[in-house]
Structures are given as structure tokens and as C-alpha cells.
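Trainee: I would like to learn how to read a protein model feature by feature. Could you walk me through one?

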Amino acid sequence: MIKITLPDGSVKEFEKGTTPMEVAKSISEGLARNVISAKFNSTIVETVTSLETDGSLVLYTWNDKEGKTAFWHSTSHIVAQAIEELYPGVKLTIGPAIDNGFYYDVELPTGSISDKDFPSIEKKALEIARGKHDYKMRDVSKADALTFYKNQGNEYKVELIENLEDGTITFCDHDSFTDLCRGGHIPNTGIVKAIKILSVAGAYWRGNENNTQLTRIYGISFPKQKELTEYLELLEEAKKRDHRKLGKELELFTFSQKVGQGLPLWLPKGAALRERLEQFLKKAQKKAGYEMVVTPHIGQKELYVTSGHYEKYGADSFQPIRTPKEDEEFLLKPMNCPHHCEIYNAKPFSYKELPKRFAEFGTVYRYEQSGELHGLTRVRGFTQDDAHIFCTPEQLDEEFKEVIDLSLYVLGSLGFEDFTAQVSVRDLDTPEKYIGSVENWEKAEQAIINAAKEKGLNYVIESGEAAFYGPKLDFMVKDALGRQWQLGTIQVDYNLPERFDLTYKGSDNELHRPVMIHRAPFGSMERFIALLIEHTGGNFPLWLTPEQAIILPVSEKHEKYAEKVLKSLENNEIRALIDSRNETIGKKIREAEMSKVPFMLIVGENDEVANTISVRRHGGEDLGAIDVTMFTDLVNKEIKSTLKTFKE
Ligand SMILES: [Zn+2]
Ligand SMILES: [Zn+2]
């Protein structure tokens, strides 16, 4: 018999060789019907893998991330089979699951695949799926595996196998199809009820542009047709909200090939919006005891060698800039932290002066391959709302809570309500991977967990996800379309204080190492604004939006009055403009709707006589004719309801 520990802590005895599916059946038939994947002692296994030792078992359904991964990876096998049947001579390479679906990279014998070919691939794949073929893993010797693919003339799989150790190689069979695979499949192909090929793209073998360019086929699949329909609707909506499209329409930012790829240019409206976000955070930070600092965009190579960033970013990033005479090497700043460490080092501190909280909207530069660049979410230069807190180990607890408060304030003010926290801690089985004392790690991890608990966060603990230099907490934010974004990392760091020899004088008059916290509630201004655009569909919170109101004179006659209205709005700090073009009022309203200005203020004969404005909300709601003071009150009340003062 073997002892199986389930996630709720219960331990059950089973015959040696029992499978995860049999364990599921012993719990309930309902669970067994839904189980599609399993993890045994931290390793993903098949639902039909024989369990031979004591251990802990987690069963996954479609509702789990791991379940989806197995589902989508298994579908990639089906799609590969379909492609092999439709394009004889195709060479298969790799087909992993990704965040939303899967892809398969193939080398086509001739020609290409375009969207016109998608329906036939989907049809073929569904035909195969309906056959309810079991996924069967088997061990193969390295020699046999090589022979199998050499006979097919598939040099890609041969290369993959050559890098594997004999005795560790497995194939997965279903129907008449065989693939080199490590495992992690659903029980059978019949569970896949809906398959959609989403797109094709070029992809270099092993991501190296010196290698052959392959065809990457992206797809997604679901256990129900209805879920696919809903997903496609979501994709449509996401297209409408794409920040690259809206950013252009709302005149927020642009890119110029002349300036360079991945280097966003902020247009006046975007720059003003960004400025408002910065001011908003600066105000809260000031209240929270942060001090602003300013550091240059470049730094001596030595600085980043000391910090360890050169090792991490050096070879794969922008190469050093050299001074003409002395041939000194400078690097574009990939991170602000080293600079802030040197600011801390500028003078000695006693424990009484800590914590020090240095904040900077610091622009950093990191090389990204051109194929990886994406609007504002993947760029080569971006500004972090960065800050570093230097505190004593005893202060960590309190500081962490303060940073959580600030992050929650930021999320709340911008309309993000659906989020969870992920606490990343050590893997206790591999202590050698982490620097710093065990005592400090325990203290820090406990501090984070306590803070998350005390602040009432909905949190999960991920063991083994911590960086080598310290544990962290990430806010995982869901946007209006249900997509998850990682925002607002709070990272504890024992490494940089060591590398930069940071100290403070303790109450014992001895020198001690401070602990460092890195934090950025927005992450980067670029990525955050992209998220904000897609979350709100360009309908920003009233306090942040570029123009809060647009005045629409019915005819030229009312322009003077419109200007008077604008003056009084400006005096009340309401951002407004006049559409004085010689167009019909109908057209002006339609275009104002398109530009997503929250309020349209229509001024005509009656308004001028009564000294009112006719207010219409974006979206069509008519608020009637009111005077400017009433309108100002309305705007201010609405702003106050979303934008509270930090720690009021
Ligand atoms: Zn597989
Ligand atoms: Zn940092």
C-alpha cells in the first residue's frame, strides 16, 4: 500500500500502482469526470500514471491553470496530427501550451498557411478529437527515438533528442500519431470539443534569428463550444480596446521609425495624463514619507557590475557607450536600484533615521528583440514609478504594510477592484539557491504573509517563486475583460545592501545591514497606461481623463457665450475645450462621443438666455440644462467619489 496526501491534508491509503484517476474516483464520480491532469510530488503526471510511492497528489480540472495547460498542450498534439495529415512532409518541432491556448512550430514542405486554411485544419483536428483517443506515454531509448525521427528526416526533433539523456526520453501516442513529449496530457482527445486556429506567425527555430524560420500556428481549445464562442467575443472586444488603436485615436502616444523601435513618444494629451498620474502618486508618496531623488539615465559599467545587473543584462542588452578620450564605459540604466543605493551611501545613517524612502520616476532602458516589442507593454525605454526603502529588519513588517496600503490606494483610485496577491517564497528543498540568512528569510516571509493577512488581501503563497535575493508580493489584477496583469511588485532584497555595503549604526553603536524594499505600484508608466486604456476602453476616470468636457456651440452665434462658459470652467479647474468648427451640432456630438470626452456641454439660444449649459454624458444620458456652478459641483462630487486622499 502507498499513502497519498491530498491538498486538504487528508491521507488515504491505496494499492501500489493506483492512478490519479482512480484516486479521483475514490473521492467522487463527479470529480473523476472532471479531472484532466494531476501533479504528484511537484511533478506533472498523466491521470493514468501508476503511483508507486507515498506522496502528495493534486488533481486538476479545467478550472485550474494546470488543467488548462494540460488541455491546451494535448490539443497541440491533435492539431499537429491534423497538420501532418493535411501537409504531408511537414516537419514538427515544438508545441507547448501558452497563457491562452497553445502553438505548434512547424516547417512546411512548401508554401504557407493563411487564415483561409484555418477552417480545414480546425475541421480535421475536431474529427481526430471526436475519435476519443487515449493519450499514452511510453519510454523510448535514445537510439530508437533518433531512428524514428531520422527516418522522417526531421532534423529538429533529432536535435532535441540529442540534447536529452538516454533513459529520460518519452513519446506520446494517440490514434496513429506519435510525438516526442515529456508528458502532461488530458485522458483522451474526446474531451476537446472546440478548437480554433487563431493566427500564424514566423518564428525562428529555438528563437535564434540565424536559424530556419518556421511557421508558428497559434490555437486555442475548450471543453464546450459555448466557451469558445465567449472567448471569441472577448477577443473582439479586446481588439476594440487595444491600447495601440485607442492610443492613436485618443492622441495619447505614437512611435516613430526615425526615433527608433520600442521608444514611445508621448503626445500632449498622453503626456498630460501621465503627468496627472505622477502627481497623484507623488502626493500620496509624500504623505507616506517618501523623498524624491533624481538620478542620471546612464551609469558607469562598474556600477552595474557591482549591482549584478551587468551580469544579467550586459551581454543581451544595449552595449556600453564609450567616452571619446578616456574610453570609459557607461551603460544605459537598466534599473534605478544601483543609483539609489549610492544615494543611500552618500551619508551615514543611524537606526533612528531609518527608514529612508527614496522615490524617482526613473526612466530605464532594456533591449528587447524587435519581434517582442508590443505597443506600450513591451518597449525599450520606460519609466518606472520606482522607490527603494532602506529599513532595519525590525521595521520590515510595518514598512511592508505601508507599501500595501499605498498599492491598494492606487488600485482603488483607478477602478481596479478585482485582484489577488501572490506571495512568492523560497523553495525549502533548495536552500542553496538563496542568499541571506535563513533567519532573515523567515522573518521577511512571515512579515509579508502577516501584512497580506492583516490587510485582508485575497492571497496565494507560491513556494519556489521568490527571487534568489528575497521574497516578494505581486498584485495580480484582473481587467474588465478578465485578463490577468501582474502589477505592483513589492520585493524584499538582501542582496543589493550586501553588494553595495550599505550600513546603518544600530542602538548598540555597531554597523548593521539595512533591508531594502523595491516597490512600484504602477510598475511602469507605459505598461500601466496601456492596461488602463484597455481596462477602461479609453473611458478614463474623470479625474484623469484628458478633457473632462467639450463645449459644443449650436452655431457660430453662440461662440462668445461658449468662451465665457470655458473661462468659468477653467476657473474651477475643469479641463474643457470648445468645438468651434462650422459643423452641424449632430456631427459635433457624434465626434465628441468617439473621442470619449465624459461630458458634452451644448450651448444654444435658450442656454445663452437662461445662462445655462445643456449637459449630455458620454454614452447619451441627457442631464438637462443646468448652470455652470451646478455642473462644476457635479464633476467635483464625481471625482471625490473615486479619488480619495491617501490616508485621510
Ligand atoms: Zn505532449
Ligand atoms: Zn529596485
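Mentor: Happy to; we will go through a sheet, a helix, a metal site and a helix pair. Please keep in mind that this is a predicted model.

Trainee: Let's start with the sheet. In what order do the eight strands of the open sheet lie?

Mentor: The general idea is that strands of a sheet pair through backbone hydrogen bonds, either parallel or antiparallel. Here the order is β16-β20-β21-β28-β25-β24-β22-β23, with mixed pairing. At the edges sit β16 (291–292) and β23 (459–463), each of which pairs on one side only.

Trainee: In which sense do β24 and β25 pair, and over how many bridges?

Mentor: β24 (residues 472–478) and β25 (residues 484–493) are antiparallel, joined over six bridges.

Trainee: Which strands does helix α14 lie across?

Mentor: Helix α14 (residues 438–454) lies across β22 (419–425), β23, β24 and β25, and it runs at about 160° to β23. Its 17 residues reach 24 Å from first C-alpha to last, close to the 24 Å expected.

Trainee: And which residues of α14 are buried?

Mentor: An α-helix has 3.6 residues a turn, so residues three or four places apart point the same way. In α14 the buried residues are W441, A444, E445, A447, I448, I449, A451 and A452. They pack against α13 (396–413) as well as β22, β23, β24 and β25. Just after α14, G456 takes a positive phi of about 70°.

Trainee: Now the metal site. Which protein donors does the zinc ion (ligand 2) have?

Mentor: The zinc ion has C337 (SG), H388 (NE2) and H518 (ND1), lying 2.0 to 2.4 Å from it. Along the chain these donors follow the spacing C-x50-H-x129-H. C337 belongs to helix α12 (residues 337–344) and H518 to strand β28 (residues 515–520), so this pair ties together parts that are 181 residues apart in sequence.

Trainee: Are C337 and H518 buried or exposed?

Mentor: Buried means under 20% relative accessible area. C337 is buried at 3%, and H518 is buried at 12%.

Trainee: Last one: at what angle do the axes of α9 and α16 cross?

Mentor: Two packed helices are described by the angle between their axes and the distance between the axes. The axes of α9 (residues 268–287) and α16 (residues 525–536) cross at roughly 105° and come within 11 Å. The two helices are therefore roughly perpendicular to each other. Their contact is made by L273, R274, L277 and E278 of α9 with M525, E526, F528 and I529 of α16.

Technical notes:
Residues numbered from 1 in each chain as written. Chains lettered and ligands numbered in written order. Predicted model: local features only at pLDDT ≥ 70, side-chain atom pairs only at ≥ 80, totals over all residues. Heavy atoms only, no water. Pairing = 2+ DSSP bridges. Helix = DSSP H or I, 4+ residues; strand = E, 2+ residues; numbered from the N terminus. Contact = heavy atoms within 4.5 Å. Axes fitted to C-alpha atoms, helices over the stretch in contact; angles between N-to-C directions. Donors = N, O, S within 2.8 Å, 3.2 Å for Na, K, Ca; no water. Buried < 20%, exposed > 50% of the residue type's maximum accessible area, 1.4 Å probe, protein only. Expected span 1.5 Å × (residues − 1). Parallel < 35°, antiparallel > 145°, perpendicular 65-115°, else oblique.
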